[in-house]
Amino acid sequence: MATLKACSALVTGANRGLGLEMVKQLLEAHCSKIFAACRDPDGTNSEALRQLAKEHPGVITMVQLDVADPNSIKESAKKVGSLLGKNGLNLIINNAAVLPQKTMWTTTVEDMINTFNTNVIGPLFVIREYLPYLQAAAKASGKPGMSCDKAAVINISTDASSMVIMPSLPEPFPLFPYSISKAGLNMLTVYTARDLKADEILCISLHPGWVKTDMGGDQAPINTRQSVEGILSVIGSLTEKQHGGFLDYTGKTMPW
């Protein structure tokens, strides 16, 4: 298991797929405060997360957060802030995303706008609204350098965002709006790393692999358990040396 020792973490898109598995494995890693954020906590797609939160009421807090709605992000930050102590928030995992299966020729204006709203603009405003809690955690740690145990933002990206990899990447389904939006997310990582360096808040992009989920499909070679085990192991070992980088779930450096 990972060496991750974060005391508090926020996971977006936590009701299914990778997000739900992240919540489960953060529990196994003895994370003391897990804020499991999703668009519709009361919906049918959140039943498994509700059950998990019911079983661990002192650890998991479900948070209503629609990353495509700035007001929802703001309200969620108020709720989480009211539940955090002076030690702040150690870790944000920007996991929520959408993947409309459209090509360059079939994508619509609405597809592009909705994908950017969720995959790029949402993570931007999550970082901005939760920044005071990350800053509090960084100051409270009393540790030099950077780590996910101190304060960090992990942006879940994809190999399909890589301008080196994408031209020769086999596409199991059309990825046009998704890959372009994730390339934008990678640039957000670069800016965030630059602008939060002085606060010693670590930020990277991370490719979780091609995973068997509703989004990834049945052809994917790895399951959520394997992916998240790798993700937590990688982020648990991060230092300032990887700050602003792009890695995959095995720790391999990805080309931009």
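**Entry 1, second pocket.** I looked up the lining of the second largest pocket by class and got four nonpolar, seven polar and five charged residues. I counted Ala, Val, Leu, Ile, Met, Phe, Trp, Tyr, Cys and Pro as nonpolar, Asp, Glu, Lys and Arg as charged, and the others, Gly among them, as polar. The model is predicted: local features need pLDDT of at least 70, side-chain atom pairs count only at pLDDT 80 or more, and totals for chains, interfaces and linings use all residues. Residues are numbered from 1 along each chain as its sequence is written, and side-chain values use heavy atoms, with hydrogens and water left out.

I took a pocket as an open set of points on a 1 Å grid over the protein atoms alone, where a 1.4 Å probe fits, with protein on both sides within 12 Å along at least five of seven lines; lining residues have an atom within 4 Å of a point. The volume of the second largest pocket is about 220 Å³, a volume being the space filled by probe spheres set on the points, which are joined across faces, edges and corners. It is lined by 16 residues, and C7, S8, N87, N90 and D149 are the closest to its centre. Helix α4 (residues 109–141) gives the largest share of this lining, three residues. Helices (H or I, at least four residues) and strands (E, at least two) are DSSP runs, numbered from the N terminus.

I then turned to the largest pocket, with a volume of about 1100 Å³. Its lining has 50 residues, of which N95, A97, Y178, T213 and M215 are the closest to the centre. Two or more residues each come from α1 (17–28), β2 (33–38) and α5 (176–196). The largest share, three residues, is from α1. By class I noted 25 nonpolar, 17 polar and eight charged residues.

I found an open sheet of seven strands, paired in parallel, in the order β3-β2-β1-β4-β5-β6-β7; strands pair if DSSP finds at least two bridges between them. β3 (60–64) and β7 (246–248) are the edge strands, each pairing on one side only. Three bridges join β1 (residues 8–11) and β4 (residues 91–94) in the parallel sense, and V11 stands opposite I93 in β4.

Angles run from 0 to 180 degrees between N-to-C directions, with axes fitted to C-alpha atoms, for helices over the stretch in contact. Helix α2 (residues 47–55) lies across β2 and β3, at about 140° to β3.

Methods:
Contact = heavy atoms within 4.5 Å.
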